[in-house]
Amino acid sequence: MASSPSLPPSAPSAASDTGPWPKAELHLHIEGTLEPELAFALAERNGVTLPYATEDELRRAYSFADLQSFLNLYYALMAVLRTEDDFADLADAYLARAKEQGVRHAEIFFDPQAHTARGVPVGTVVDGLARALDRAQETYGISTRLIMCFLRDESAESALATFEAARPHLHRIAAVGLDSAEVGHPPAKFKEVFALAREAGLKCVAHAGEEGPAAYVWEALDVLGVDRIDHGVRCMEDERLVARLAAEQVPLTVCPLSNVRLRVIDDLADHPLPAMLDAGLLVTVNSDDPAYFGGYADDNFTAVRDALGFDAETLRTLARNSFRASFLDEATRERYLAEVDAHATGA
Ligand code: HPA
Ligand SMILES: [Zn+2]
């Protein structure tokens with residue numbers, strides 16, 4: 001592997017005296033883990049000029065009015081990701097941090113179209129990420145899956161072409177997803193490519209009900225046949241939808257710090273997470289784009305604990321939900337759930 005740019009120290013975790021809760025991270029965009037230090041190191045390595053003079057100047061740009069204002073910076077910074085080594089280093093840096101945050105299993109999104117549009121082949125992206133993921137169990141004690149996302153503000157034809165280009169790599173990919181600018185890009189646009197993915201044996205997930213309406217959650221379920229909803233917080237505006245999600249135990253991968261930074265909610269203290277739990281929804285807590293939103297997986301656990309007053313039993317439920325909602329096989333899932341229970345009892 002190429003020389004790794006140095007990794008900044010992680011903030012200490014403070015979920016409990018015995019360390020962070022063992023957890024699965026199910027909503028994590030690998031490109032959203034690009035920290036300023038690594039962005040500048042890769043820019044130098046690849047001879048790319050960033051439109052920011054210093055890391056501090058870049059950090060000062062991390063103030064977002066909405067999803068689109070974040071996406072503009074998120075896509076711009078990806079210019080530094082060019083080679084297999086870059087993607088391997090990016091994923092390795094995330095996994096090192098994730099380990100410190102108690103992550104035992106990570107299902108990781110990537111956005112192939114954001115790279116192929118810049119002339120980086122999908123094989124370069126997948127091979128680079130897979131190189132880091134293949135070592136993750138041994139190096140960090142973390143099991144992993146890859147989820148290939150389609151950009152919903154691109155065309156259905158582009159998604160289909162991306163899926164075909166990725167066919168030689170599908171053995172590395174567990175699921176397909178749908179992300180980027182939500183409003184005005186309903187899930188139904190991607191019916192055909194999701195059907196192809198399911199035929200190929202992949203699981204399906206989709207961002208829905210983040211900025212978009214509850215109707216997009218219905219559509220993701222009924223038209224795309226998704227196994228999980230990413231975000232989904234706006235489901236709370238539709239009682240019938242909540243009843244369905246609860247009855248079918250459809251997992252929702254909620255991202256509290258992201259919701260605050262992208263102004264989906266005004267204040268963490270007003271987050272619908274407690275109401276979602278009370279409604280019997282299978283909710284999980286995740287970090288989304290942690291380099292941009294101020295925290296990794298356990299930072300999100302700690303933030304909701306502090307802002308919403310969650311007790312240990314609630315945190316245990318969230319940790320258990322993360323494994324219950326994962327794409328792990330039954331035996332591995334049970335092993336991780338036993339780890340959560342051991343953590344709860346201090347064993
Ligand atoms: O929070 C998000 N929403 C939609 N698309 C995204 N791509 C990265 N993060 C996000
Ligand atoms: Zn997301």
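Helices α15 (residues 312–324) and α16 (residues 330–345) have axes that come within 9 Å and cross at roughly 165 degrees. This is a predicted model, in which local features need pLDDT of at least 70, side-chain atom pairs count only at pLDDT 80 or more, and totals for chains, interfaces and linings use all residues. Residues are numbered from 1 along each chain as its sequence is written, and chains are lettered from A and ligands numbered from 1 in the order in which they are written.

Some terms come next. Helices (H or I, at least four residues) and strands (E, at least two) are DSSP runs, numbered from the N terminus. Axes are lines fitted to C-alpha atoms, for helices over the stretch in contact, with angles from 0 to 180 degrees between N-to-C directions.

Back to the first pair. α15 and α16 are therefore roughly antiparallel to each other (angles over 145 degrees count as such, and those under 35 as roughly parallel, 65 to 115 as roughly perpendicular and the rest as oblique). Their crossing is right-handed (the near helix is turned clockwise from the far one by less than a right angle; anticlockwise is left-handed). A312, R316, A319, R320 and F323 of α15 meet R333, Y336, L337, V340 and A344 of α16 (contact puts C-beta atoms, placed from the backbone, within 7 Å). These residues divide into seven nonpolar, no polar and three charged (Ala, Val, Leu, Ile, Met, Phe, Trp, Tyr, Cys and Pro count as nonpolar, Asp, Glu, Lys and Arg as charged, and the others, Gly among them, as polar).

Now take α7 (residues 156–166) and α8 (residues 191–199). Their axes come within 8 Å and cross at roughly 20 degrees. The two helices are therefore roughly parallel to each other. α7 passes α8 in a left-handed crossing. A156, A159, L160 and F163 of α7 make the contact with E192, V193, L196 and A197 of α8. Seven of these residues are nonpolar, none is polar and one is charged.

The crossing is right-handed. Contact residues include F87, A91 and L95 of α4 and L129, L133 and Y140 of α6.

Turn to the ligand. Around ligand 1 stand H29, G32, L67, Y74, D179, S180, H207, E210, S258, D288 and D289 (C-beta atom, placed from the backbone, within 6 Å). This shell holds two nonpolar, five polar and four charged residues.

Finally, the whole chain. It has 16 helices and eight strands. Its C-alpha trace spans about 50 × 45 × 40 Å along the principal axes.

How values were computed. Two residues are in contact if their C-beta atoms, placed from the backbone, lie within 7 Å.
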